Amino acid sequence: MKVTANGTNVFGMPLPDFSKFALPGIGGNEQVLARAREGFEKIKAASEEMTEALRETYSGNARSATDYGLKVLEISNANATSALDFLIHLCGSKSATDVFTLSAAQTRKAFDTASDQNRELWALTQKLATETGEPISKHFTKVFHRAG
């Protein structure tokens, strides 16, 4: 449909002026547009807030995951070193009693070490969970507080 310079379409009919239409019970278009803008601004602010929450979450998560991975490597190295030390001592044993004594000592040491390592890994896991949840919780609270 082509519009001519005098504000009519090709068929010579005047085009409607939508700026004069009002929705019943809401008021004029200016009020509708103002409410729509206000709603869009709230949505935009909430979106920006959630984007920031996700950015903080991913950043903290990456740091914590790196710390956890490095701790697993450290534990693996310590366990391998301990096992090799045990084998070296075992090869130097001269009697069955020495083998039994070394084995019992190694088992006790391995159990204590594993307990400590599990505590360290559990602490890192809790830190990871906390650091992942905090930004999301903080920003969700902000967003919902503003919306309410």
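Predicted model: local features only at pLDDT ≥ 70, side-chain atom pairs only at ≥ 80, totals over all residues.
Residues are numbered from 1 along each chain as its sequence is written, and side-chain values use heavy atoms, with hydrogens and water left out.

Colleagues, the structure holds six salt bridges, a salt bridge being a side-chain nitrogen of Lys or Arg within 4 Å of a carboxyl oxygen of Asp or Glu. I shall discuss some of them.

Let me begin within helix 1, which spans residues 29-91; helices are DSSP runs of H or I, at least four residues, numbered from the N terminus. Lysine 42 and glutamate 38 form a salt bridge at 4.0 Å, N to O. They are four residues apart, about one helical turn. Lysine 42 is partly exposed at 45% relative accessibility, and glutamate 38 is partly exposed at 48%. Here, buried means under 20% relative accessible area, exposed over 50%, and partly exposed in between, with a 1.4 Å probe and protein chains only.

Also in helix 1, arginine 55 and glutamate 52 are three residues apart, and their closest N and O atoms lie 2.8 Å from each other in a salt bridge. Glutamate 52 is partly exposed, at 31%.

I turn now to a contact between helices. Glutamate 120 and lysine 71 form a salt bridge at 2.7 Å, N to O. This pair links distant parts of the chain, 49 residues apart: glutamate 120 belongs to helix 2 (residues 96-147) and lysine 71 to helix 1. Glutamate 120 is partly exposed at 33%, whereas lysine 71 is buried at 16%. Finally, a network of salt bridges links Lys71, Glu74 and Glu120.

Key:
Helix = DSSP H or I, 4+ residues; strand = E, 2+ residues; numbered from the N terminus.
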